[in-house]
Amino acid sequence: MSVEVNRPYQEAQEAYEARLAAIGAEEMVINMGPQHPSTHGVLRLQLVTDGEIVKEVIPHVGYLHRCFEKHAESMNYGKTIPFTDRMDYLASMNNSHAFVMGVERMLGIDQKIPKRIEYIRVLVCELNRIASHLIAIGTYGIDIGAFTPFMWCFRDREHIMNMLEWASGSRMLYNYIWVGGLFYDLPVGFEARCGEFVRYFKPKLPELDELLTANQIFISRTANIGVLPADVAINYGCSGPMLRASGVKWDLRRTDEYSVYPELEFEIPIGKGEMGHVGDCWDRFKVRVDEIKESVRIIEQCLERLEGPLKRTTDFDPRALVPKKVNLKAQDYYVRAENPKGELGFYFVTQEKTDIPKRVKARGPSFNNLSVLPELSKGILIADLVAILGSIDIVLGEVDR
Amino acid sequence: MEIFTRVQELLAIAFDKQAIITVEQSGLQPALVIHREKLAAVCLFLRDHEETYFDFLSCISAVDNGVDAGSFSVVYHLASIPHQHQLTLKVIVENDRRSDNLPVVPTVSGVWRTADWHEREAFDLMGIYFEGHPDLRRILLPEDWEGYPLRKDYEEAETYHGIAIK
């Protein structure tokens with residue numbers, strides 16, 4: 001196959017190169033990344049600037065492409081779970097939960113999963129959601145010049161990491177949630193330690209609020225910056241805190257009512273434009289702070305049940321329903337779940353007589369959330385671009401997969 | 001699944017029964033197989049009709065149906081935020097897998113901007129050409145990559161820019 005043959009399909013590439021070559025004399029193309037600290041990973045942004053004003057942003061992604069979808073076509077469903085962990089590596093539990101849910105629904109065993117397993121799954125997912133949001137908040141602070149929140153957030157996140165390591169044996173990439181069950185039951189004493197963490201963590205949140213949320217410098221850097229109207233957010237496929245900050249009450253934990261979320265009480269925080277306009281950077285930050293509080297509430301309810309009616313018994317086997325081989329008929333299924341960053345979807349196309357899928361497509365929330373960046377950053381200042389990018393909270397592992 | 005039958009009725013009226021080829025109801029999620037030429041119009045109709053109002057495009061997946069089948073599918077997962085329902089659309093394109101003859105599907109990036117990057121990804125990894133797309137460059141792979149890795153008959157190159165990689 002020669003490049004010559006592919007020429008008709010190179011038109012867009014040539015048009016893009018011609019456009020950059022023909023920019024005006026007063027304009028300049030600046031390269032930001034892929035090794036820029038505030039791009040949160042290996043993201044490269046090409047900015048067409050006129051002085052301090054950004055006229056256009058062209059994102060280049062793919063530096064962290066690890067062929068997740070191609071890998072998934074070469075191994076069975078259970079073996080793919082560690083690969084899903086590496087997509088959004090800050091919220092591995094949530095990734096595997098979504099993947100496992102899809103396979104279980106296709107197998108028809110999703111209603112038979114014992115309640116204790118479901119509650120443990122929700123517990124670790126919410127712990128992971130807090131950890132992910134703490135990183136989002138901490139690094140957002142550092143992006144726009146506040147160093148202390150970063151240290152505080154990482155200090156608290158470390159407790160979560162230690163707990164999840166205790167449960168699964170690994171700090172970040174857990175492989176804990178399996179098709180039909182769990183790797184292991186929670187370690188003895190986990191519930192008590194988790195309760196202790198909640199008691200420690202709750203008073204820390206107002207401290208964080210004082211430090212950042214109501215900080216005048218922080219507000220002037222984020223309020224009224226990068227305003228994303230709800231219709232634009234929906235049209236670009238934004239989801240999660242990004243969409244909720246624009247005032248849309250859309251949370252798949254409530255909409256789809258998967259796992260045991262219908263039995264749990266929690267609110268869906270949305271952006272209200274308290275400091276500026278609905279859907280600005282401050283709102284996106286605030287939605288994450290509020291979501292941490294809701295996650296703490298969910299964890300408390302989970303602990304209550306795991307220590308009460310669903311207490312550990314000696315004959316409880318978390319692997320009882322784990323299938324030896326995932327036998328599926330040829331079908332396709334799209335599963336979606338609410339990740340810390342938004343809607344994570346997996347589209348499965350299965351084939352008969354083998355437990356290797358024909359196609360697995362992953363719809364990462366960060367991928368879609370990032371695609372709105374060129375729209376958000378027309379005519380802004382370069383310094384504000386950093387504030388907007390940080391507020392989107394992307395994980396490049398999931399953008400590139 | 002009321003919405004699924006309702007969509008069929010609405011499309012039958014609006015497109016004079018020309019839009020839907022078949023209805024797939026065997027799996028957990030039923031799907032409509034849409035005529036390729038009608039795709040963009042159908043999507044726009046489904047987005048704007050007040051009963052359907054599919055304002056959110058969750059995902060576009062390109063599927064290689066296998067070397068023997070000689071066809072590719074593009075699967076669209078739609079969702080409606082106010083109505084909270086979902087729908088799956090499919091387009092099936094026959095193709096002979098020659099590198100100068102990519103399967104052609106009309107773009108829906110004018111309907112949902114989500115489709116912009118999803119279609120670029122499908123073009124990049126599966127080699128589906130989206131007609132009318134404003135900026136159909138490769139997205140995840142380098143722009144000088146040869147071949148489409150997610151195809152079932154893809155063979156890795158021996159070298160990349162003269163560097164042996166095997």
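These questions and answers look at strands and a helix in a predicted model.

Residues are numbered from 1 along each chain as its sequence is written, while chains are lettered from A and ligands numbered from 1 in the order in which they are written. In this predicted model, local features need pLDDT of at least 70 and side-chain atom pairs count only at pLDDT 80 or more, but totals for chains, interfaces and linings use all residues.

Reader: How many residues lie between E1(B) and E2(B) in their hairpin?
Author: Strands (E, at least two residues) and helices (H or I, at least four) are DSSP runs, numbered from the N terminus. Strand E1 of chain B covers residues 20-24 and strand E2 of chain B covers 31-34; 4 bridges join them, antiparallel. Val23(B) stands opposite Leu32(B). The number of residues between the strands is 6.

Reader: Why is H4(A) largely enclosed by the rest of the structure?
Author: A residue is buried if 20 or more other C-beta atoms, placed from the backbone, lie within 10 Å of its own; exposed means 12 or fewer, and partly exposed lies in between. H4(A) is largely enclosed because its buried residues number 14 of the 16.

Reader: Which strands are the edge strands of the open sheet in chain A?
Author: Two strands pair if DSSP finds at least two bridges between them. The sheet has 4 strands, in the order E1-E2-E3-E9, with antiparallel pairing. Each edge strand pairs on one side only: E1 (28-32) and E9 (380-381) of chain A.
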